Amino acid sequence: MGHQASEENRLTWVTSGFPVEIPVAMDLGVSYPEQYGAIVGSQKVGPEVCGYAEDIGYSQELCSYARVSIGSVENPDSSPMEGLPKPQALLAGNNICGTVLRWYDAISEQTGAPVFLLDTPPIEDKQPDHHKEYVLRGVDRLVEFLGTTFNKTLTEERMQEVADLSSKALGLWTKSLVACKTSPSPLNCADRFLAMGPVVSMRGTELIIDFYQGLWDEVEMRVKEGLGAIREEKIRLLWDNIPPWHSIFKFFNGLAKRGVVFPADTYTHAWSGQIEGDDLFDSVATMYSNVYLNKGLDAKIDKMCNMIKDYNLDGFVMFSVRSCKRYSLGQLVSKEIVTERTGVPGVVIEGDMVDSRVYNEAQIQTRVDALLEMFM
Amino acid sequence: MSKFGIGIDIGSTTAKGLLIDSDMKVCAKHIMLTGAAASQAIDKILEELESQSGLQLDNITIISTGYGRARVENAEKSVTEITCHSRGVHSLNPEIRLLIDVGGQDSKVIRIGKKGRPDDFELNDKCSAGTGRFLEVMARVLGITIDELGPLALQSDSPSSISSTCTVFAESEVIGHIGAGAKPDDIAAGIHESMSTKIVALAKRVKVVPPVCVTGGVALNPAFRHYLSKHLGTNLWIPEEPQLTGALGAAVIALNGKS
Amino acid sequence: MSYEGVLEQSDSGLKELVKAGEEIIGYIYPHTPLELFLAHGLTPSLMRAMPGIGSGFEESLQTFACSYIRNLYNQRVNEQLPAITGLLFPGNTCDSLQNLTDIWKIRFSNDRTYRLTYPVTRYANDDSAETYLKKELEILSKTIESTLSHPFSTDNYERAVSLVRDFRLDTQFLYAARLVDPDVLPYAELARLVRSFLSTPIASVASDIHNISVSVKEKMESKGLLGIIDSILSGLQTKDLSKVEPFKPPTGSRILVVGGMVEPQAIATIINGIDGIDDSILVLDLLSFGFKSVFTPPLDKNGDPFEEMAKSILAAPGEPTQEGLHQRMDFLKNLVESLQIDGLIICEQSFCDPDQFEAPSIEKAASKAEIRTVRIPLDPELSDRARIEVKIQTFLESLGNM
């Protein structure tokens, strides 16, 4: 689908937190470099593809999604699926991190496609009025930019249609997430990480409604029958951060064998909320400014503590992702405070979501074992 | 009347001195451990060069290089070991385009340009597993000497996978392999494979242009040469006295002045 | 003066101010509105990463946090920060600083901290970024007033505008003069002057700088170089180098140092420490605490203060969060060509996203301009100093045909 849009010169690459409903409503194709990063990681060729970026001078200390992206544009023939199809515009939203600005600038240099940045400065807790005003003007400019670049218009009708579809999918997705409050949890971490793909990359399309309806039907059934995602649920934990795509099954299934399930995590729960009301753009400016990663550490801590309480969790695992400074840098502090406030123990494990060269199984094993021993 | 040049290379472990004439013939040379006092090593080297050549050193230009290059008082100037290795290798083999030097503590890659001068170069990052130290650590883990490590690795044709960029983590990967019952020769091979991929990554930043020369203590390791050659996709040329290429380059610069 | 000596000197200047009863607000990000704090009767002082600080960050920050913020955190934990009344953090500039602020507020909850969040919109051709920043500045002003009982005074504001404007114009002139005649003032000295003002933005320091600038101007006038210096100055101020007059620079390498929040003094010290080299080869820097601070446009006294401050900040040169990569690289290429630069030293702060994303693009631009580059990984502790010296010396050797 992305290939077709690229051939028709109407493909955009977007960041995962971008209001994708707008380009979709303007009949543009969307591809997700971050999701491509996850795929490359899962195929266990993260180090190689990152290496293509490192060969042209990008430091190994940079975001591994960015390195994979830059590396696959540099060397598509040696990259999975030959990389993503060529974009005609790059849409970056910095509500997930400040890195996207620089990453997309680099891609722009490589591909010649122009960048549009939707700036949503981080907020402490509540979104100030002048912040919403500012973001709204950015949304207006986005529509203008897409209009000029692709010679397309956005009708209110189509925007409403897409917003409704997006809300519907998100609604179904959220129901499945919330159902994990039950014990046994119908879904485990890896299930959610894989199932979230469509709602991240194809929000606003009709295609995914069936998928999430199907997911919800399955989840509903499991809850009714008391079927858990894992055989014998003994311990329920919270997961924080992006997962190690290269070892996702090994890690979560390994723990599942020991009765450990993850009914909730901060990553998959980030795609929720609805575009609604009379003023859709206002809703966009609110929803996309208030995502988990765009709030202060206090707000993140609150969210984690609430999830531990609401989902009845026994502890937590924080994955300290070396190449993701935005998500990882507060963890040493939040770990202490979450335990203080909830009384449950947690552990920080180190690695990277894509670059398996910095993932040390032995160290992770030791730390997780130590956590599990606390429950005996 | 013949002209002469002296090159003095004060490394952190060994100190080297070379006296050459304008025909590039070596009239005197000396290698010794640097020891605690670089100045003493420098004096000893000059003594040796004088007595071996039978020449008065007063009118001969001295260029110094290496870690302790600023300590050579009689030197007309100091030049970095990168430039000196490049000039030195070029004078031994003008065809060489890429020089890879792997020492105990650091690694460098130099793309040699016109007249043997470095066109581009890279040093290893502060903490990377691409130096002699990596091999030392791993030999210890396997319970063998560093000299035994290379030949052992050559006995394997299925190297164990060692992917960590950090020596400490790589060490625990090796321990993991030992625990899982992997054969020592496969582990040794994996160690060399891992190291050579790090060096190749460093080399790519400078662009790999053959022919390639390798110098430094690790150049003597046959397994390292095997895997490096394999991953670079080209043969390797090793000079006869790889330790002296820095001093040689310095002597060449001394001979030729600033041109 | 050695790197360590300079640090001591600016530290003592600050100590004297504190003794005299002045209240200091520390700040971290170079594009901080000095005039705002001065208008409130406070002294804004740039907090610097310093060598020789003990550790302590491990309790709160992982090693992949940038070395700059780790150093600042270490200073705080070891109680080695200067005696400041409050600390201003930036928002929306980079993820390391974003997290540092949040962590600091939790770990040191009794510290008085403020945050100014910057917009990063570029090429909008509208005033949305200015409007947003203006509001942020107004809120900051009100917060300062209520927490420190220091109201905004128009008199202080006007004095501050003149003070900072004089500093900027004088140091801009010195930058331009050094491009034409690098020997007229050592780079280390220029860096010291800039640093001393950013540490203690007071009249006596500005006056010292002014005197030096006057004496340099006289020397340049006697050599008949003022015309070319002015054309370069105007080119740098307007970011349009097309009208720079051609000139014949003195012999010797002409190096440009680029990078982010690294210490200009540290570079000067390293270069001066290399056998046979001195910092006259450094004809220009594009560093945050050098060029980018100096060439920020001064305020217009007659405009609305908050609007003026917002405009000035948004017009600061070279920041990735304000200009497009494309624009910056084109400017760099033009600079290299019109100012006859021979080579680039690219500084990269350890684990710094902005520096490390930018470096490959800078290499490409340099390659298009047919000049060589060398990349230097740096941290405030200068932990890799010996190897940095080797790299720079080798680089210079390759320029000078060794």
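In chain C, strand E1 (residues 24–27) is joined to E2(C) by 4 bridges, and the two strands run parallel. Here strands (E, at least two residues) and helices (H or I, at least four) are DSSP runs numbered from the N terminus, and two strands pair if DSSP finds at least two bridges between them. The model is predicted: local features need pLDDT of at least 70, side-chain atom pairs count only at pLDDT 80 or more, and totals for chains, interfaces and linings use all residues. Residues are numbered from 1 along each chain as its sequence is written, while chains are lettered from A and ligands numbered from 1 in the order in which they are written.

Within this pair of strands, Gly26(C) has Ser45(C) of E2(C) as its bridge partner. Strand E2 (residues 43–46) of chain C is covered on both faces, with Thr43(C) and Ser45(C) buried on one side and Pro44(C) and Leu46(C) buried on the other. A residue is buried if 20 or more other C-beta atoms lie within 10 Å of its own, exposed if 12 or fewer, and partly exposed in between, the C-beta atoms being placed from the backbone. In a regular strand the side chains alternate between the two faces of the sheet.

Lys15(C) belongs to helix H1 (residues 3–19) of chain C, and it counts as partly exposed because it has 13 C-beta neighbours inside 10 Å. Helix H7 (residues 187–199) of chain C is mostly covered, with 12 of its 13 residues buried. Among the buried residues are Tyr187(C), Arg192(C), Arg195(C) and Phe197(C). From first C-alpha to last, H7(C) reaches 18 Å, close to the 18 Å expected at 1.5 Å a residue, where the expected span is 1.5 Å times one less than the number of residues.

Strand E5 (residues 255–258) and strand E7 (residues 343–349) of chain C are joined by 4 bridges, and Ile255(C) stands opposite Gly343(C).

Chain A likewise has 4 strands forming an open, parallel sheet in the order E6-E5-E7-E8. Strands E6 (260–265) and E8 (346–351) of chain A are the edges, and the twist averages 30° from one strand to the next. Leu237(A) stands opposite Gly315(A) in E7(A). Helix H17 (residues 361–373) of chain A lies across E5, E6, E7 and E8 of chain A, running at about 170° to E8(A); axes are lines fitted to C-alpha atoms, for helices over the stretch in contact, and angles run from 0 to 180 degrees between N-to-C directions.

Between the chains, 36 residues of chain A are in contact with 37 residues of chain C, contact meaning that C-beta atoms, placed from the backbone, lie within 7 Å. H6(A) gives the most to the side of chain A that touches chain C, with 7 residues.

Technical notes. Contact = placed C-beta atoms within 7 Å.
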